[in-house]
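Please have your viewer ready.

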Amino acid sequence: MERTTCCVVGGGPAGMMLGLLLARAGIEVTVLEKHGDFLRDFRGDTVHPSTLRLLDELGLGERFARLPARKLRDMRMHIEGTTVVAGDLRHIPGRHKYIAMVPQWDFLDLLAGEAATEPSFTLRMRTAATGVRRDGSGRITGVRYVAEDGTPGEIAADLTVACDGRGSLVRAAAGLTPVSYDVPIDVWQVRVPAPPDDLKSDRVFLSIRDGQVAATMDRGDYYQTSYLIKKGTDGELRSHGVEWFRDRLGALLGWDRATMAEIRSWDDVKLLEVTMDRLPRWYTEGLLCIGDAAHTMSPVGGVGVNLAIQDAVAAARLLAGPLRRGDIGVRDLARVQKRRWLPMAVTQKQQQGEHDMLLTPALAGTLSGDRLPLPLRMLRRVPALRTVTGYLGGVGVRPEHAPAFARR
């Protein structure tokens, strides 16, 4: 029987950060990742100022700065011809006054490479969790898995942490059921090459016109583009030819036919079915859920990755001691949820407000640049408010610092 002190399921931002921090605490930790690498399109590629500060505290700031990145210093909306600066990060406290847009696989490779230097860290790629182990009392005592060649196995652990995303298998196997909230949107995700004569302004974030909404992130030679559709209309809209989508997106963003022709078929347009939910209780005996496994966020603002990383930092700080002593219990796990509940709840409430105030009327075609909702009018009239919204979006509520044992 294989054994580890902490088994982390999922090698995304939360899982890799937690694995690194616990390993630096001298705790034996094994991370299971079902894929063979981190190369996936349309993952959260925004690294927020609070995460950038955390990387500095971990001694990784200089190495991160060498990764290919674009810097987002303000977040703008173009609404029916009217520009609104929704958030300005240039005056927020701290060294990093921008959001770094970095391919998530590069970020995860950095964390994995650093964690691999710790003798107590193990990363198992191509290893998919299939269920949980339990003892006679019902306590979760590790996971069952299947390796790439189909060989099944089990890992016993004092603590299992579910970092396996919004469709968490571990969460379901443990019998934890999230409470879901209505959201009005789904998202089509597509890569669009940057037009040759494009001005390369990395500040434009959201475009709204004629019942269409698209968010763009400048990735150098292409735009990572999210096109919002009404919830549940994917099949109906795909009944149109892809030419219909190319024409609509091109008209919204002002891109020519040659550029849009790079979207060759509906296979190039990936659907993200947007959900928003939260677990009433993030833990049970022997198991903790963090990140999307505990609370799925809307893609609005791109804050999900930042929240997941902050969860991981809080979990490492609060649980390292009990894991070292070998006496971890539900009270320890409850402290993690208590610490992270407010940031999660505030962020979801903000996102629900943005859905109701902005996205629902935008997709209905009833949002007017001449009659903006009051919060947007205030942002235009009072520039200082943009720094407040920039701080909330870039740093967030209750940001976490690296624990002393992990600093370099």
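Leaving out neighbours within four places in sequence, leucine 58 is in contact (heavy atoms within 4.5 Å) with Met17, Leu20, Leu21, Arg24, Ala402, Ala406 and Arg408. This is a predicted model, in which local features need pLDDT of at least 70, side-chain atom pairs count only at pLDDT 80 or more, and totals for chains, interfaces and linings use all residues. Residues are numbered from 1 along each chain as its sequence is written, and side-chain values use heavy atoms, with hydrogens and water left out.

**Nonpolar cores**

- A nonpolar core here is a set of buried Ala, Val, Leu, Ile, Met, Phe, Trp, Tyr and Cys residues joined through side-chain atoms within 4.5 Å; buried means under 20% relative accessible area, exposed over 50%, and partly exposed in between (1.4 Å probe, protein chains only).
- The largest nonpolar core has 76 residues, of which Met17, Leu18, Leu58, Phe64, Leu288 and Leu319 touch the most other members.
- Helix α9 (residues 304-325) gives the most to this core, with eleven residues; helices (H or I, at least four residues) and strands (E, at least two) are DSSP runs, numbered from the N terminus.
- A second, separate core of 23 residues has Val187, Ile208, Val274 and Met276 among its members.

**Helix α10 and its end**

- Helix α10 (residues 330-364) has a kink of about 40° at arginine 340, shortly before proline 343; the bend at a residue is the angle between axes fitted to the seven residues ending there and the seven starting there.

- The elements giving two or more residues to the patch are α11 (374-381) and α12 (384-394), and α12 gives the most, with four residues.
- Valine 382 lies in the loop between α11 and α12 and is partly exposed, at 31% relative accessible area.

**Positive phi at two arginines**

- Arginine 126 has a positive phi of about 55° although it is not a glycine, and its place is in the loop between β8 (121-125) and β9 (127-134).
- Arginine 398, in the segment after α12, has a positive phi near 55°.
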